[in-house]
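This report describes two parts of one structure for a reader who has not seen it before. The sequence and the model come first.

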Amino acid sequence: MPTAIHSFICSDRSGTRQALHDYRFAFYPNVQAAGVDWDVAAPTEDLFLSRRYLALLERHASSGLHLEYAVFYQNDTPVGVALFQRAYFEGRKHLREPSAGARLGQVWRHTVLLAKRYLTHVVRGDVLVCGNLLLSGEHGFHFNERALASEQATVLLLSALEDRAIRWRADAVLVKDLLPTRFSARHQFFKRAYTEFKVQPNMVLSLPFKTFDEYLSSMTTKYRTRAKRAFKKAEGLECRPLSADEILLTLPQLRALFRSVVRRSTFHWIDLDVAYFEAIQREFPDRFWLFGWYKKQQLVGFHTAFGNGTELEAHFLGYEEAANAEHQLYLNMLYHLVRLGIEAGYKRIVFGRTALEIKSSVGAVPQTLYNYLLPRTPWLRYTSCVLMPYLIPEEQWTPRHPFKRDTTAHSFKTSGLS
């Protein structure tokens, strides 16, 4: 049963009220309670908004991560869904020691560094998120475009989200990872005093290649030579997919490898329970892969990937720093994903955030995603646009261009990549 059902009343002066008087939303404490209504309105092409995946995520949710669901109705017909997650954010715990910015003078660098340190220590609170904190990309909501326009859907979504924030007494609301195609409705966020901000982009590689050899042949000599050098360094390693039973047996090693990467990351909010991997492998044996990298029968790294519609999505990984330095392990993981994506027939690979330069060296380009934050404390609400640049982790990087010609330009232009 839903926890609450709300008839929608819109106070928008633009005339949206009349267009939305037949709409309402209902909240559900778990995705199974949303039942068939969720299935009707959820996108069939996005695994991460399916009941199967979300039910699994509930069972293996990280400590402190709470999930709830909204279904939107036109009269009695489900026309939209949204995933809400609530988690406690603490700047000094979830943000790595800040940097001051390389382009500033010494005095300003010191001043900015002190300001960032202060902010990371004082910014904390419960945040209600529309989106999935375990993923990069727009996997937080979906609306039937034939039933209502993007602006109408945004009004409905924000009304439900802010209603829940009040009931949960959340300190802030965050709408995560929206594509530029949502710009037609962005003024709805600004009218409600949300702050728009960008973090590291999502790195995406289009795959117009029929074979991995064709992919390598499309590269300039410099980058093709670099790829072959990386393959040579990995000759002493064995890479193989692990079954669910093998994942279960290696959970302690997987956990240690994952934590070794987390310790070096600039931003880490959610502590993942690696038992999640075993559960996913059992639930989605044909759409999820965990590849183990072995040196003399010793696990020195792993990476995971999801098949999601026409996209192959990189998920979590872990590795020993020494093995990475000796065997260019991370770079070989990226090439391995490219090979898997091509051979499995995916149209593109979503590599996610972080390590932007090395991902661009295998051909990925940045996809800008937009986030919208609404602190519920009045003084933070009106100063967040000034404070956000000081809190967002910085990564200085140089885009690489490994291909002889821009074989993927058309795909990137039409998919919102920039």
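Strands, as the word is used here, are DSSP runs (E) of at least two residues, numbered from the N terminus. The model is a predicted one.

## The second largest pocket

The second largest pocket holds about 710 Å³ of space. Its lining is made up of 31 residues. Those nearest the centre of the pocket are Glu45, Asp46, Glu138, Leu179 and Arg182.

Several elements give two or more residues to this lining: strand 6 (141–143), helix 6 (150–168), strand 9 (202–206), strand 13 (311–319) and strand 14 (348–352). Strand 6 provides the largest share, with 3 residues. Sorted by class, the lining of the second largest pocket has 12 polar, 11 nonpolar and 8 charged residues.

## Helix 2 and helix 3

Helix 2 covers residues 31–41 and helix 3 covers residues 51–59. Their axes come within 11 Å and cross at roughly 165°. Angles over 145 degrees count as roughly antiparallel. Helix 2 and helix 3 are therefore roughly antiparallel to each other. The crossing of these two helices is right-handed.

## Where the two helices meet

Which residues of helix 2 and helix 3 meet? From helix 2 they are Val31, Gln32, Gly35, Val36, Trp38 and Asp39. On the side of helix 3 they are Arg51, Leu54, Ala55 and Glu58. By class, this contact between helix 2 and helix 3 has 5 nonpolar, 2 polar and 3 charged residues.

Terms used. Residues numbered from 1 in each chain as written. Predicted model: local features only at pLDDT ≥ 70, side-chain atom pairs only at ≥ 80, totals over all residues. Heavy atoms only, no water. 1 Å grid on protein atoms, 1.4 Å probe; cavity = no way out; pocket = protein on both sides within 12 Å on 5 of 7 lines; lining within 4 Å. Points joined across faces, edges and corners; volume = space filled by probe spheres on them. Helix = DSSP H or I, 4+ residues; strand = E, 2+ residues; numbered from the N terminus. Nonpolar A, V, L, I, M, F, W, Y, C, P; charged D, E, K, R; others polar. Axes fitted to C-alpha atoms, helices over the stretch in contact; angles between N-to-C directions. Parallel < 35°, antiparallel > 145°, perpendicular 65-115°, else oblique. Left-handed = near helix turned anticlockwise from the far one by under 90°. Contact = heavy atoms within 4.5 Å.
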